[in-house]
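Subject: Structure handover

Hello,

Here is the structure we talked about. My notes on it follow below.

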Amino acid sequence: MSNVVRVSGVTKSFKLGKIEVQALKGVDLRIDRGEYLSIMGPSGSGKSTLFNMIGGLDKPSTGKVFIDEVDIAQLDAYELAWLRCRKIGYIFQTFNIIQVMTALENVTLPMIFAGLANDAAVQKGMKLLEQVGLGDRHSHKPFEMSGGQQQRVAIARALANDPAIILADEPTGNLDLTTGEEIIALLKRMSQERGVTVISATHDFKMLNVSDRVVWIRDGRIDKIENREELSISIGRIGARE
Amino acid sequence: MPDRIFSDRTAASAPSNRLVVLPFGKSVEIAYKSIRVRFFRSLITTLSLVLAVSFLSFTDVSNDVANGMLASDSAGLRQALVRAGYDLGPEAKNVASSPKQRWILILSLLVCTVGIVNAQLMAVTERFREIGTMKCLGALDRFVLRLFILEAGMQGLVGSVAGALLGAVFALLAGGLRFGGAALQQVAMAHVGASIAAATGIGVALSLLGVLYPALVAARMQPVEAMRVET
C-alpha cells in the first residue's frame, strides 16, 4: 500500500532574534492512504511545525516531505497552489470561513480555483452541504451560524475537490464538548465513506477514540506511535487523566 | 505508479490541468461583494478621495467658468472677474490656476493618497486570515493582488465620479452666485466635461497607486498565517 505522506529525516529550525531554535530534530513518519491519524503533543513540542510541513505550508530545513510521493521542496509556487487546491483540504481551529461569502460560496470557491464551471460547482457544493447536514443553510453568512455549523461548512469546503488528505488543526479546539464530538464523528464518517486520509493535530482526547494511529510528539521528536488496539486498552487511563 | 500528482510532468504541453484559475468575472464578483459587505469601511476609504477629487474638480471648473466669461469678450464680465480678485492683465485671454493654487492641489492629492495607503494597509491587516485561507484553498499571489486592485479600482471609480461631479456642481453654483446667470451661459460645457473627466481619471489613478503596496503585502502573505489562532 502506498504512503500518501512520507516524512523522512525532517528537521526544522527557526531564528528567533539571534537564537536558533530547533523545532524538529529529525522526524520520520509514514502515513497510509485512508488512515485517520492524530498528532498529539504539548504546545511547543514541534507538533504544529510538523503538521504545517505535512500540509505543504512550510518547507523543512533538512530532510524531505513527500505528499503522494512528490517531494514538496521541488514544487514551485504554482504547483504548490495546485497541490493545496486539489490534494489537501484544510480545516482550522478558528473555522476560517470567509466572512464575506455565504456557506455555499465558501464551498464552491476551491472548485472554482480548480477550474470547475460555476453550475457544476454549485451542484456539487449543495450536495456536500447536504452531506454535512447543512443543506438548508447554504445561503447563510458565517456570522449567522454557530461554531459547529461553521466547522461543518469548513469540512464541506475541505472535501470540495476530493482531496487525498484532510488536515485538521485542532478542529474541536473552539467547540464545546457535544459539538466537538459531532464534528469528530462527521470527520470519521467522511474519512470512511470517501477513503480520504485525515490528519489532525490536537489536544483533544476525544479524538483518540476514532484515530487509527496516534503520533505523540515531544521535544521535536516522535515520542511514540500507538495503534488503535494499544490505545483502546489505555483509553480509560487517558480519559481519567484529563 | 508512484508519481500520481504529476504523472503528466514530462508532458509539459498539458500544464493547463495543473493550474489553479480564477475567472475574471468571478474576481469582479468577489471584489464587489467584499466592498458591499464592508460598506462602511469602504465608504471611509473612499471619502478622502471624494474630497480631494472634488477640490480638484472645483478648481478646474471654476477656471472654466472664468475662461468662458473672458472668451465672451464682454467688458462687464471682465470687470466682474477683476472685482472678484482675478489677477488679469489688460491683454489676458485666459485664466490659469496660480502656482499657489496648484501647490495646494498637489498637497491635497498627496494627503489623499497617503490616506488611501493607510486605509488599505489596515484593510489588509484586518483580512490576513481571509487571505491566508484563500491561499490554503489554492489561491495564487496574483489572485489576491487582482482582488485588491479590483476593489480599489471600483472604489476609486465611484469615489472619483462622485467627487468630480460634486466639485463641478459647486463650482458652477458658486460661479452663478458670484457673476450671475449671464456668466454661466458663456461657460463651454465641453471644457467642464473635460475637467470632470480629468479629475475622475486622476482620482482612479491615485486610488490604484495607493493600493499597490498594500496589495503586494497581501499577495506575498504565507498561507500558514491562516493557521494562527491569535488576533
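How many salt bridges are there between chain B and chain A? The count is 1 salt bridge. B:Lys33 and A:Glu105 form it through their side chains, at 2.3 Å from N to O. Please keep in mind that this is a predicted model.

Polar contacts across the interface of chain B and chain A come to 5 residue pairs, with both residues at pLDDT 80 or more. On the side of chain B that touches chain A, three elements of chain B give two or more residues each: helix 1 (24-37), helix 5 (128-136) and helix 6 (141-179). By residue class, that side of chain B has 21 nonpolar, 4 polar and 12 charged residues.

Now the extent of the interface. Chain B puts 37 residues into the contact, and chain A puts in 36 residues. The area buried between the two chains is about 3400 Å². Carbon and sulfur atoms give 67% of that area.

A:Arg152 sits in helix 5 (residues 147-158) of chain A. Is A:Arg152 buried or exposed? Its relative accessible area is 18%, and the cut-off for buried is under 20%, so A:Arg152 counts as buried. A polar atom of the A:Arg152 side chain lies 2.8 Å from the backbone oxygen of A:Val132. Leaving aside residues up to four places away in sequence, A:Arg152 touches A:Val132, A:Leu134, A:Glu182, A:Ile183 and A:Leu186.

Best wishes

Methods
Residues numbered from 1 in each chain as written. Chains lettered and ligands numbered in written order. Predicted model: local features only at pLDDT ≥ 70, side-chain atom pairs only at ≥ 80, totals over all residues. Heavy atoms only, no water. Contact = heavy atoms within 4.5 Å. Buried area = accessible area lost by both parts, 1.4 Å probe. Salt bridge = Lys/Arg side-chain N within 4 Å of Asp/Glu carboxyl O. Polar contact = N/O pair within 3.5 Å; in protein donor to acceptor, adjacent residues only side chain to side chain. Helix = DSSP H or I, 4+ residues; strand = E, 2+ residues; numbered from the N terminus. Nonpolar A, V, L, I, M, F, W, Y, C, P; charged D, E, K, R; others polar. Buried < 20%, exposed > 50% of the residue type's maximum accessible area, 1.4 Å probe, protein only.
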